[in-house]
Amino acid sequence: MIPLYGCWGRILEVDLSKKRETVRSVEEGLLRKLLGGVGIAAKIILEEVPADADPLGPENVLVVGTGPFQGTAIPGSGKWIVAAKSPLTGIWGDSCGGGDFAPDLKGTGFDAIVVKGKADSPVYIWVNEGEVQIRDASSIWGKSTSETIEAVKSDLGDKAVKVVCIGPAGEKLVRFACISSGFGFAGRTGLGAVMGSKNLKAIAVRGTKRVDVAEPDKLAERSRELSRRLYENSLEGMRKYGTMLGMQAGQHDDRGYGLKHNWDGGVFEEISKINEERVREITVGEVPCSNCPVACHRHTRVTEPEKYAYDGHGPEYETVAMLGWLTMIADIKAVGYMGHLCNEYGIDTISTGSMIAFTMECYEKGWIDETRLGGVKPVWGDADSAIELIHMIASRRDFGEVLANGIRSAAEFIGRGAKEIIVECKGLDYPAHDPRSYYPTAINYATGVRGACHQRGVTAWVPGGFNIPEWGVLVPNREDRYTMKNAAHIAAKCQDWASFSNSLVQCEFMFWSGLTFRDQVELLNLVTGWGLDAEAVAEISERITTLQRLINVRFGVRRKDDYLSPKMFKPQPSGASAGKVPQPFEEALLEYYRLRGWDENGIPTKEKLESLGLTQEAGYLPNL
């Protein structure tokens, strides 16, 4: 029998409706095709979630998984993935979280947990060294994320247990609710609401099994070498500033992101009040995920003013940018507290910031008033009204009932010109990276597998130094940032690399401290013994991206859904990218389809699927 390296080839299936657990096998041939992580999750979602499934219905399937890197000392391997049909977008949804959950999940002897059905009452799943229990969570229901993690550990009598959970927002089915592991969050696409819809409060794991790898001695040595390199390179970078690295000098000053005033204000004169140095002022220390030499997470604390006092994790770059820069709230203590509230409620800070800025703009335009908002007057720069909106969203109280259903739903409810001012694609709010500052990002956002996303296609990182020379992705000259020439190629390759990393599963931030694509391929070969080169990895990565697109096509996505928000065609009035808009957009989109082997409606052709070894999956193509 050929040994299986890097994975167990075993997936745990828990049916909450039937109160039954089963184990399924995964053959090496499938792992060679899809690696693990989001690759295997996509295969499961395609085959087991009906095209017309209600994302918040029992027929939706939640996959929590790992890849070939978990269970090793590879730097950045402390990540886990979760996937399902998204309640926010209605299409493929996935997110990656950090913390310390992933090694123990892999240590249970399972590569992933697939959750089906719906429990009759609140429960949590307990997997202890391969033994499974569905336990009562009635006493935990309603608790915040940090309270839930401690309550589960107390219930099990073991502080070493690792937990992922939802907060009150997930229970209330807020469509951008997230999943927390303490300081690591699977933030995007609302998968916390999927857990809530299943009456699933948490998943707890305890696992000490160690998976076999092809070359253990070489892998251990190489992991140590890379960890030392990444640690040393991060001392004045991510370890010092976390993901806030370069917020003002890079994103604001050099690249000219136009987040101010809900994406149309240009230069933010008060950016220095919420930049990386201001976050350092409230930072207690760095917090690393498992097997992380970079430690990008922050432990922060605010003691005064009392109304903003907290002791917790974050804020990260996206949190500061979306809750502060976008809304013009120039108070790092207030922004830190807002992020802390989102963490405890279990809601995505990106979508939450987007909802607050959208509400502020609607209020400014007179489309909604304080009567409808329960007395709240959300004006630009006012932290206290923004904080109240967070409470309203997480509890679905008053106008929060409207906002909790997502940006597109809220715009439809308000009417007037609201649809013209929302900044999203496929229902997923833009992250804090402006496509007007680097045009390949426009194509990435429009075609992204989960909607507008900087991590499922890392084009926004390319001007800052990210590159994959083996695939023709190179750091651009300044003038090349504002051209659609080669934008389709860069977007496609950055998306494929994201599929690769999220199937390994490895934290993308290792690249900011010196990890290379070549390192990743080498590590994969040391784990699996497969002997892959850059070309072979390119095919695997494209296969995984294409599989996710096929899922979206099955859920109804077509060319009409690959769009750019209207505000992105309005140039910024000031800043480094003033006067720039990503055109010609339509031509570049069609070029992207051609490069992908998709038809003019954005559907992968049968021939393309077969060329990628997805012959069986081609049977899910719609009959047009």
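Tutor: Let us begin with an open sheet of 3 strands, whose order is 13-14-15 and whose pairing is antiparallel. Its edges are strand 13 (283–287) and strand 15 (310–313), each of which pairs on one side only. Direction ignored, neighbouring strands of this sheet are turned by 10° against each other on average.

The model is predicted: local features require pLDDT of at least 70 and side-chain atom pairs count only at pLDDT 80 or more, while totals for chains, interfaces and linings use all residues. Residues are numbered from 1 along each chain as its sequence is written, and side-chain values use heavy atoms, with hydrogens and water left out.

Helices (H or I, at least four residues) and strands (E, at least two) are DSSP runs, numbered from the N terminus; two strands pair if DSSP finds at least two bridges between them. By that criterion, strand 13 pairs with strand 14 (residues 297–302) in the antiparallel sense over 4 bridges, and V287 has H297 in strand 14 as its bridge partner. Helix 13 (residues 332–345) lies across strand 14 and strand 15, at about 65° to strand 15. Here contact means heavy atoms within 4.5 Å, and axes are lines fitted to C-alpha atoms, for helices over the stretch in contact, with angles from 0 to 180 degrees between N-to-C directions.

A second open sheet has 6 strands in the order 2-1-6-3-4-5, and its pairing is mixed. Strand 2 (20–25) and strand 5 (92–97) are its edge strands, each pairing on one side only. From one strand to the next, the twist averages 20°.

Strand 1 (residues 10–15) pairs with strand 2 in the antiparallel sense over 6 bridges. R10 stands opposite S25 in strand 2, and the bridge partner of D15 in strand 2 is R20. The two strands form a hairpin with 4 residues between them, and K19 in the turn has a positive phi of about 55°. Strand 1 also pairs with strand 6, in the parallel sense and over 5 bridges; there D15 stands opposite K116. Buried means under 20% relative accessible area, exposed over 50%, and partly exposed in between, with a 1.4 Å probe and protein chains only.

Helix 2 (residues 37–48) lies across strands 1 and 2, strand 3 (62–65), strand 4 (80–85), strand 5 and strand 6 (112–116), and runs at about 20° to strand 4. In general, side chains of opposite charge can pair when their charged atoms come close. A salt bridge is counted when a side-chain nitrogen of Lys or Arg lies within 4 Å of a carboxyl oxygen of Asp or Glu, and the count comes to 49. One of them joins K116 and E48, at 2.8 Å from N to O. E48 is partly exposed, with a relative accessible area of 25%.

Another salt bridge pairs R596 with D496, whose closest N and O atoms are 2.9 Å apart. This pair links distant parts of the chain, since R596 is in helix 22 (residues 585–596) and D496 in helix 19 (residues 487–504), 100 residues apart. Both R596 and D496 are buried.

Rings of Phe, Tyr and Trp (its six-membered ring) pair if their centres lie within 6.5 Å; planes under 30 degrees apart count as stacked, over 60 as edge-to-face, and the rest as tilted. A search of the whole structure finds 18 aromatic pairs. W497 and F511 have ring centres 4.8 Å apart and planes at 70°, so they are edge-to-face. W497 lies in helix 19 and F511 in the loop between helix 19 and helix 20 (517–528), so the pair ties together parts 14 residues apart in sequence. W497 is buried at a relative accessible area of 0%, and F511 is buried at 12%. One aromatic cluster consists of W461, F466, W497, F509, F511 and W512.
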